[in-house]
Amino acid sequence: MKPRVLIVDDSWSMRQTLRLLLSPDFDCAIAEDGASALELARGNPPDIIVSDVNMEGMDGYELCRQVRAEPSLEKIPFLFISGHAPRPGIPEAGDAYLIKPVQPAVLISRLHQMLQPRPRAVGQG
């Protein structure tokens, strides 16, 4: 079974491009904004979220903050793809941040890395 990725971008062409690129390796769901992405994630939590930063209404940072605030979603890895560098000092900057244009092989590799189980720290049960 393929890992489920939720693609969030307000650009139709970017959503479709990412879906076509990722669909051989991932089961893709798409959302056109942060609010609909949060609703989709609550209804059927993805294994990973790929989101744009700059979107109307709820931007990617706010989406990340709200996902992290929900116990059932807080551990979902979050990858940003943006045309701009991350804003410094933003705790909602996700687990990874790629700046467009992103090489397809780099994106796919990063997503697979992010889905690997993380080793537990010594002393954690």
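**Helix packing and selected residues in a predicted model**

Lys 100 counts as partly exposed, with a relative accessibility of 31% (buried means under 20% relative accessible area, exposed over 50%, and partly exposed in between, using a 1.4 Å probe and protein chains only). The model is a predicted one, in which local features need pLDDT of at least 70 and side-chain atom pairs count only at pLDDT 80 or more, while totals for chains, interfaces and linings use all residues. Residues are numbered from 1 along each chain as its sequence is written, and side-chain values use heavy atoms, with hydrogens and water left out.

Lys 100 lies in the loop between strand 5 and helix 4, where helices (H or I, at least four residues) and strands (E, at least two) are DSSP runs numbered from the N terminus. Leaving aside neighbours within four places in sequence, Lys 100 is in contact (heavy atoms within 4.5 Å) with Asp 9, Met 14, Asp 52, Ile 81, Ser 82 and Gly 83. The C-alpha atoms of Lys 100 and Ile 81 are separated by 6.5 Å, although these residues are 19 residues apart along the chain. Gln 103 is found in the loop between strand 5 and helix 4 and counts as exposed, at 56% relative accessibility.

Helix 4, comprising residues 104–115, has twelve residues and reaches 17 Å from its first C-alpha to its last, close to the 16 Å expected at 1.5 Å a residue (the expected span being 1.5 Å times one less than the number of residues). Within helix 4, Leu 107, Ile 108, Leu 111 and Met 114 are buried. Seen down the helix axis, the buried residues of helix 4 fall within an arc of 130°, so they line one face of the helix; the arc is that of the directions from the helix axis to the C-beta atoms. An α-helix has 3.6 residues a turn, so residues three or four places apart point the same way. The face of helix 4 turned away from its buried side carries the exposed residues Ala 105 and Gln 113, whereas the cover over its buried residues includes helix 1 (12–22), strand 3 (48–51), strand 4 (78–82) and strand 5 (96–99).

Ser 51, found in strand 3, is buried, with a relative accessible area of 1%. Not counting residues up to four places away in sequence, Ser 51 touches Val 8, Gly 60, Leu 63, Phe 78, Leu 79, Phe 80 and Ile 81.
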